[in-house]
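User: I've got a model open and would like to learn how to read its features. Could you walk me through them?

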Amino acid sequence: MTDPSVPPIVAPSVDLVLVLPILVVLGAAVVGVLVEAFVGRSRRFAVQAALTLLTVAFAAVWTIVAAVGDRVGVTFAGSVSVDALTHVAWGVLLVLAVPAVLLVLDRTVEPGGAFVAAGSAPVGSAGDRRQNLGSGAGGGADGPDGAPGPAPMQTEVFPLILFAVGGMMIFPAASDLLTFFVALEVLSLPLYLLCGLARRRRLISQEAAVKYFLLGAFVSAILLYGIALLYGWAGSIRFADIAAKIAGDPGTGSGVGNDLLLLLGLALLVVGLLFKASVGPFHLWTPDVYQGAPTAVTAFMAACTKVAAFAAMLRVFLTFLPPVQDIWIPVLSVIAVVSMLIGSIIGVAQSDMKRVLAYSSIAHAGFILLGVMSLSERGASGTMFYLLSYGFATIGAFAITMLVRRGAGEATRLEEWSGLAKRSPVLAAVMTLFLLSFAGIPLTSGFIGKLTVFTAAVDAGLTPLVVIAMIATAITVAFYLRVVVVMYLTPTDRADRSADRSAGGSGPGSRTVSGAPGTLLETTTAPVSVVVPGPAIAIVLVVCALVTLLLGLAPSLGLDLLDVPLPLLS
């Protein structure tokens, strides 16, 4: 018999249609793992590449259909909120994921693919040499001259990317602290692995992965501690309950907005978000990881991870901070200024292209934070537009970085880009377009992004921060123009002289191959060359350039689609 004194168990409300894009992406990731187990090695790449692209494309189309049909709601017992912010974040994320995946699957720039063929092979071992040179047993497919070519890349990278995308989609939709933390880990763990799978310069790649993992684990612990403090203060992990208590809802709590437990919990929670978004001074992982990770992975992180982190930040800030903004806005203002200055000033001194783009992302994170701090519809929409425009320009810039080569590896030193306009005028012009967009020059999407975010900040009373942001923007123009000067006004022989210095002056034609006994890195005096892009990279460059121009010339096309009405569901 049923005991009338025991309340009945109420089944949680679950609407699978609302979260169908997440289910499709994570389901395809599981299928990708099964493909690795049951599909032959010769066919895995084609199957995994097709599965990944079709999955991301389907999720993007379904998100657009759901947004147009106004399919919103809270599901999974209040742990996932699907509203306008969720749809906009998913749309921007998935649209950026498509060109990022195209960079990952390219095998024309790096024969065999940019990823290692056997991640378990120790650096410098015979197995490591075989997978790069194709010599002996276990080598790759035959090259055009009949000699064995490099072994094909590990196709496990595709399910890892899908798992990361799935975590990125859950992150801004999470409406309770436990789901929020799980989403952070789901998106982070695949990225730690992907960073260490570069085919070239493997030691630097593995070092980047270890740094990212250790710092990421430390920050995850900080965030988890903040979640514990918030739960201890509010007695609930749901965003709606915590926000109600902060606001002083009589039915939920006393609303002691200056309680130390609340402030410490929010502080630790925000630290985790700022770390994932590469906001200074929580940026220490960014330059080394951007430089060491495979360039395609760097592009994926720089564009997509930022979208997930700032979209989640919008949900947290718009839900928690309005009642206590007098306390938090000054703190966040200092952080935004520090991020702008670190990115702009230290970026001027960089001599590696990937590190230049890393410090550029730190400066941009400070600019984007102004839109988040506005705590308004205009600020939220401007933030998402900024992330979209910045993401396409960043992916395009890293795609060009993949094409500038010296010997078997990428030529990332700025000296090696000398005279690039003479070697490839089209690529130099496209790279200049992306750099001008970063700098916020009119008629580019970057200008509209900065304009919308700065306008929202001024409306919110953050005018002094906007003035500082404009000064920081002027500083960043210096190192963007420095790259343009190197490409157009520096003689090409300077790049060849830099090669001789980097190889110890050993003379033309000398070459030390990565993985050979007693060596750690590849050095070569081969001249700098620009590889003709394959279909995948060519599509990426065309799409990124067109979007950068189109959003600059007709910004209403993007701003109208990225509207984020308030209040958010929770």
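Predicted model: local features only at pLDDT ≥ 70, side-chain atom pairs only at ≥ 80, totals over all residues.

What follows is a short tour, from the overall make-up down to single residues.

User: Helix pairs next. At what angle do the axes of α2 and α5 cross?

Analyst: For a helix pair, look at the distance between axes, then the angle, then the handedness. Helix α2 (residues 41–68) and helix α5 (residues 157–173) have axes that come within 9 Å and cross at roughly 15°. Angles under 35 degrees count as roughly parallel, so α2 is roughly parallel to α5. The crossing is left-handed.

User: And which residues make that contact of α2 with α5?

Analyst: On the α2 side you'll find F45, Q48, A49, T52, T55 and V56, and on the α5 side F158, P159 and L162. Sorted by class, the contact of α2 with α5 has six nonpolar residues, three polar and no charged.

User: How about α16 and α20: at what angle do those axes cross?

Analyst: Helix α16 (residues 425–439) and helix α20 (residues 535–553) cross at roughly 40°, with axes that come within 10 Å. That makes α16 and α20 oblique to each other. This crossing is left-handed. From α16 the contact takes L427, V430, L433, F434 and S437, and from α20 it takes L541, C544, A545, T548 and L549. By class, that is eight nonpolar, two polar and no charged residues.

User: Now charges. How many salt bridges does a search of the whole structure find?

Analyst: The search finds 10 salt bridges. Take R315 and D83: their closest N and O atoms are 2.9 Å apart. R315 belongs to helix α11 (residues 295–320) and D83 to the loop between β2 (80–82) and α3 (84–105), so the pair ties together parts 232 residues apart in sequence.

User: Is D83 buried or exposed?

Analyst: D83 is buried, with a relative accessible area of 4%.

User: Which residue does E416 meet in a salt bridge?

Analyst: E416 meets R406, at 2.9 Å from N to O. E416 is in the loop between β4 (409–410) and α15 (420–423), while R406 is in strand β3 (residues 404–406), 10 residues apart. E416 is buried at 7% relative accessible area, and R406 counts as buried at 5%.

User: What is the N to O distance for E36 and R44?

Analyst: The closest N and O atoms of E36 and R44 are 3.7 Å apart. The cut-off for a salt bridge is 4 Å, so this pair counts as one. E36 is buried at 13% relative accessibility, and R44 is buried at 18%. Under 20% is what buried means.

User: Which residues are linked in a network of salt bridges?

Analyst: The network links E207, K211, D288 and R355.

User: On to the backbone. Where do I find cis peptide bonds?

Analyst: Check omega. The bond that joins G280 and P281 is cis, with omega about 5°, and P281 lies in the loop between α9 and α10 (286–292). Another cis bond joins L566 and P567, with omega about 0°. P567 is in the segment after α21 (556–561).

User: And phi: which residue has a value near 55°?

Analyst: That's F76, and the value is positive in a residue other than glycine. F76 sits in the loop between β1 (73–75) and β2, and counts as partly exposed at 31% relative accessibility. R201 has a positive phi too, about 50°, although R201 is not a glycine. You'll find R201 in the loop between α6 (177–195) and α7 (202–234), partly exposed at 26%.

User: Last one: how far apart in space are L262 and G226?

Analyst: They are 8.9 Å apart, C-alpha to C-alpha, and 36 residues apart in sequence. L262 is in helix α9 (residues 260–276) and counts as buried, at 0% relative accessibility.

How values were computed: Residues numbered from 1 in each chain as written. Heavy atoms only, no water. Axes fitted to C-alpha atoms, helices over the stretch in contact; angles between N-to-C directions. Helix = DSSP H or I, 4+ residues; strand = E, 2+ residues; numbered from the N terminus. Parallel < 35°, antiparallel > 145°, perpendicular 65-115°, else oblique. Left-handed = near helix turned anticlockwise from the far one by under 90°. Contact = heavy atoms within 4.5 Å. Nonpolar A, V, L, I, M, F, W, Y, C, P; charged D, E, K, R; others polar. Buried < 20%, exposed > 50% of the residue type's maximum accessible area, 1.4 Å probe, protein only. Salt bridge = Lys/Arg side-chain N within 4 Å of Asp/Glu carboxyl O.
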